[in-house]
Amino acid sequence: MIATQAKLVYQLNKYYNERCQTRKAAIAKTIREVCKVVSDVLKEVEVQEPRFISSLSEMDNRFEGLEVTSPTEFEVVLYLNQMGVFNFVDDGSLPGCAVLKLSDGRKRSMSLWVEFITASGYLSARKIRSRFQTLVAQAVDKCSYRDVVKMVADTSEVKLRIRDRYVVQITPAFKCTGIWPRSAAHWPLPHIPWPGPNRVAEVKAEGFNLLSKECYSLNGKQSSAESDAWVLQFAEAENRLLLGGCRKKCLSVLKTLRDRHLELPGQPLNNYHMKSLVSYECEKHPRESDWDESCLGDRLNGILLQLISCLQCRRCPHYFLPNLDLFQGKPHSALEAAAKQTWRLAREILTNAKSLDKL
């Protein structure tokens with residue numbers, strides 16, 4: 001048994017050093033190329049409208065606010081200034097969303113975003129995005145990369161297609177630090193020792209973002225109040241949770257397997273599903289020793305089996321907001337196909353570690 005485990009860990013490390021590192025290097029190269037174009041477009045936007053200041057900056061070889069959805073799809077979060085005159089309200093009526101309401105006694109004119117405030121005093125995510133989309137469309141025509149970049153049509157999101165190969169979504173957002181949303185107040189679960197009080201404090205200090213984008217839970221049935229709402233996102237908090245042990249290595253292997261074998265019609269699975277499942281696995285295996293390098297095979301198998309279960313139940317709860325289903329709106333046939341394909345992968349890795357050479 002131990003020999004089989006050791007063989008799997010050896011093969012997984014080999015896979016990580018060959019496949020995962022190659023993937024990382026290729027994506028890093030793409031990110032540089034994509035960010036050059038996006039920075040140029042955002043510079044043009046800023047000239048037209050100084051309220052949309054580009055926050056895309058590189059720190060320690062990482063671009064602040066950039067998330068990789070897949071090797072050809074990216075999201076850049078554009079942080080806006082001056083949320084100050086608004087109160088953050090998440091009463092749970094819109095899973096995964098919150099609203100920004102003008103604070104009592106504050107005048108509209110005190111806000112930098114005065115013309116985007118609705119009659120009932122909410123700062124409208126949709127109105128800001130609509131204005132931003134117009135500005136980006138104009139900037140695309142003016143920027144120095146106009147030959148290789150165009151807007152993606154037929155969507156209320158701000159999406160650029162670059163060199164006909166990559167799609168980048170640019171999402172206006174507010175950074176919220178020093179508060180933690182009520183809809184995530186149940187976390188951490190009292191009976192689970194992970195991640196421990198110090199890490200919890202660090203995670204909560206990271207806070208969350210409020211994004212102006214289509215909300216998962218409202219697919220196709222948005223009333224105007226709902227489309228004024230902002231989507232909660234916890235990217236920095238989630239990254240902080242996955243520090244230590246082989247957690248990040250495990251996620252890297254899962255992302256690589258997804259890219260190579262689970263890029264299916266209907267796009268049932270993205271990197272974020274993998275990230276969420278690693279967090280759940282951390283709860284199931286709360287001890288640091290459970291994430292020792294020697295346990296990499298066990299953790300990977302556990303996550304693949306959990307993924308199959310989620311796909312078969314057609315439900316994948318968001319880690320911090322369990323009422324939010326990350327499979328919402330995905331075609332059932334796509335989830336079924338992904339379940340079968342994940343089962344094939346898991347069986348192959350479990351029964352023959354050397355199969356990783358071909359995966």
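## Where helix 7 meets helix 8

Let's start with a meeting of two helices: helix 7 and helix 8 pass each other in a right-handed crossing. This comes from a predicted model. Helix 7 covers residues 271–284, and its axis lies 10 Å from that of helix 8, at an angle of about 115°. On the helix 7 side, the residues involved are Met274, Leu277, Val278, Glu281 and Lys284. Their partners in helix 8 are Arg299, Gly302, Ile303, Gln306, Leu307 and Cys310.

Helix 8 runs through residues 296–313, 18 residues in total. From first C-alpha to last it reaches 26 Å, close to the 26 Å expected at 1.5 Å a residue. Which residues of helix 8 are buried? They are Leu296, Gly297, Arg299, Leu300, Asn301, Ile303, Leu304, Leu307, Ile308, Cys310 and Leu311.

Helix 9 spans residues 332–351, and it packs against helix 8 at an angle of about 160°, with the two axes 9 Å apart. Helix 8 is therefore roughly antiparallel to helix 9. The contact draws on Leu300, Asn301, Leu304, Leu305, Leu307, Ile308, Leu311 and Gln312 from helix 8. Helix 9 contributes Leu335, Ala338, Ala339, Thr342, Trp343, Ala346, Ile349 and Leu350. The crossing of helix 8 and helix 9 is left-handed.

## The annotated domain

An unreviewed UniProt entry lists residues 246–343 as "domain: Mab-21-like HhH/H2TH-like". In the model, this span is 60% helix and 0% strand.

Val9 sits in helix 1, which covers residues 2–48. With a relative accessible area of 12%, Val9 is buried. Which residues does Val9 touch, leaving out those up to four places away in sequence? The answer is Glu293, Ser294, Leu296 and Gly297. Val9 and Ser294 are 285 residues apart along the chain, yet 6.4 Å separates their C-alpha atoms.

Gln169 belongs to strand 9, residues 166–176. Gln169 also counts as buried, at 12% relative accessibility. Apart from neighbours within four places in sequence, Gln169 is in contact with Phe74, Glu75, Val76, Glu157, Val158, Lys159 and Lys213. Gln169 and Leu12 are 157 residues apart in sequence, and their C-alpha atoms are 33 Å apart in space.

## Details of the backbone

Another runs from Trp194 to Pro195, with omega near 5°. Pro188 lies in the loop between strand 9 and helix 3 (197–206), and Pro195 is found in the loop between strand 9 and helix 3 as well.

Positive phi values are worth a look too. Asp154, which is not a glycine, has a phi near 55°. Asp154 lies in the loop between strand 7 (149–151) and strand 8 (159–162), and it is exposed, with a relative accessible area of 86%. Arg314 is not a glycine either, and its phi is positive at about 55°. Arg314 follows helix 8, in the loop between helix 8 and helix 9. At 35% relative accessibility, Arg314 counts as partly exposed.

Methods. Residues are numbered from 1 along each chain as its sequence is written. This is a predicted model: local features need pLDDT of at least 70, side-chain atom pairs count only at pLDDT 80 or more; totals for chains, interfaces and linings use all residues. Side-chain values use heavy atoms; hydrogens and water are left out. UniProt positions are given in the numbering used here, feature names are shortened, and annotations may be inferred rather than shown by experiment. Helices (H or I, at least four residues) and strands (E, at least two) are DSSP runs, numbered from the N terminus. The expected span of a helix is 1.5 Å times one less than its number of residues. Buried means under 20% relative accessible area, exposed over 50%, partly exposed in between (1.4 Å probe, protein chains only). Axes are lines fitted to C-alpha atoms, for helices over the stretch in contact, and angles run from 0 to 180 degrees between N-to-C directions. Angles under 35 degrees count as roughly parallel, over 145 as roughly antiparallel, 65 to 115 as roughly perpendicular and the rest as oblique. A crossing is left-handed if the near helix is turned anticlockwise from the far one by less than a right angle, and right-handed if clockwise. Contact means heavy atoms within 4.5 Å.
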